Amino acid sequence: MKLKSLTIAIALAATSVSSFAADKQEGFYIGAFGDYYDASWENMSAQAGLDVNESTGFGLEAGYRFSDFWSARLEYADLDFNAFDKAAGNRNNIDGSRFGIDALYHLDGGPFYGLVGIKSMDVVEDNMFLNAGVGYRHFITDNLFANVETAVYQGIDKGYTDVGAKLGINYFFGQNTTPAEPVQPAPEVVEVQVAPVDSDNDNILDVDDKCANTPMTDAVDGTGCTLYEDKEVTVSLLVTFPNNNSAVSQRYLDDIDQVASFLKDYPDTTVLLEGHTSAVGKASYNKWLSKKRADAVAKQLMDDGIASDRITTVGLGEERLKNEANTAAAHAENRRVEAHIKTIKTVKVLR
């Protein structure tokens with residue numbers, strides 16, 4: 001139970017020690033330590049009926065670090081064993097000593113290490129032991145370090161198997177492996193002024209521009225987006241006819257095609273075709289003839305792909321004369337079909 005408690009305490013001490021351990025190069029060190037040794041030797045041959053149990057003591061050691069990974073040491077410990085004399089029936093203390101050498105391997109050159117060694121133990125009689133264990137070093141200053149370790153001891157002369165633990169303080173005469181680098185002053189921060197950028201040259205800086213890469217031809221608003229406006233667009237048609245005739249002349253087909261294209265471009269628009277005549281002849285006949293002329297132009301628009309429900313025709317006869325003179329030229333001017341279409345479209349505002 002004592003050994004188990006001691007082993008747990010050593011493990012906790014080793015894992016809780018601060019990580020500020022300095023790696024060392026070559027150098028000598030000396031130290032002193034407290035020692036606990038758990039023995040279970042029964043019926044010692046040198047003294048019949050004598051049982052030797054645990055010991056506490058102290059010791060000195062001297063070592064040398066050969067490299068980051070290897071070191072060796074000599075050790076001497078003065079021990080005070082608890083013994084029971086079965087023949088006399090009493091318990092007393094027996095002095096003893098331990099002397100030996102250890103080789104230490106430092107894991108990754110750091111504070112943890114493993115060890116193997118050979119020891120001579122003089123307690124009532126001399127016995128030789130092989131030992132192996134683990135330990136931890138913590139540098140308190142650049143040269144002063146503490147160490148804790150535990151090891152298993154196996155008897156060579158007799159089959160004893162014991163456990164021991166040490167807690168020591170040592171002074172190292174070597175130097176740090178990597179001297180501390182001087183602290184460099186923080187670089188001076190130089191504030192660089194960045195010129196404002198207008199990538200699309202619309203006079204709105206990129207930081208405020210919500211519409212990047214607007215065309216150079218477009219006027220823009222305060223956020224850099226293209227400006228639009230409503231604009232009225234119109235198309236007109238005038239088709240004239242010979243006297244007493246409603247056939248559409250070939251020379252007006254291009255004008256009618258232009259009206260058809262306008263209607264296709266603006267599918268929400270409709271067209272009113274107004275038919276007219278001159279004042280020659282009966283008014284009722286002229287009314288019928290003017291409607292027939294408007295229907296002839298409507299048919300041409302439908303042939304161009306315009307739906308009939310978008311076309312309205314009306315015959316006005318001689319009600320709206322353009323020229324009221326009673327001449328051949330005036331009569332020719334009045335024989336006609338007219339249309340006027342307008343709508344509103346949204347267009348870009350140009351710079």
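Me: Leaving aside neighbours within four places in sequence, which residues is Ile306 in contact with?
Reply: In this predicted model, Ile306 sits in the loop between helix H3 (283-303) and strand S11 (311-315). Beyond its neighbours within four places in sequence, Ile306 is in contact with Ala260, Leu263, Lys264, Leu301 and Ile311.

Me: Is Ile306 buried or exposed?
Reply: Buried means under 20% relative accessible area. The relative accessibility of Ile306 is 4%, so Ile306 counts as buried.

Me: How far apart in space are Ile306 and Pro267, C-alpha to C-alpha?
Reply: In sequence, Ile306 and Pro267 are 39 residues apart. In space, the C-alpha to C-alpha distance between Ile306 and Pro267 is 9.6 Å.

Me: Why does Phe99 count as partly exposed?
Reply: Phe99 lies in strand S4. Partly exposed is the class between buried, under 20%, and exposed, over 50%. Phe99 falls in that class because its relative accessible area is 47%.

Me: Which elements give two or more residues to the nonpolar patch?
Reply: The patch on the surface is formed by Leu74, Tyr76, Phe99, Ile101, Ile118, Leu130 and Ile156, together about 640 Å² of accessible area. Two or more of its residues come from each of strand S3 (70-85) and strand S4 (90-106).

Key
Residues are numbered from 1 along each chain as its sequence is written. This is a predicted model: local features need pLDDT of at least 70, side-chain atom pairs count only at pLDDT 80 or more; totals for chains, interfaces and linings use all residues. Side-chain values use heavy atoms; hydrogens and water are left out. Patches are made of residues with over 30% relative accessible area and no salt bridge: like charges are joined within 9 Å, nonpolar side chains (Val, Leu, Ile, Met, Phe, Trp, Tyr) within 5 Å. Accessible areas come from the Shrake-Rupley method with a 1.4 Å probe; for residues, only the protein chains shown count as cover. A salt bridge is a side-chain nitrogen of Lys or Arg within 4 Å of a carboxyl oxygen of Asp or Glu. Helices (H or I, at least four residues) and strands (E, at least two) are DSSP runs, numbered from the N terminus. Buried means under 20% relative accessible area, exposed over 50%, partly exposed in between (1.4 Å probe, protein chains only). Contact means heavy atoms within 4.5 Å.
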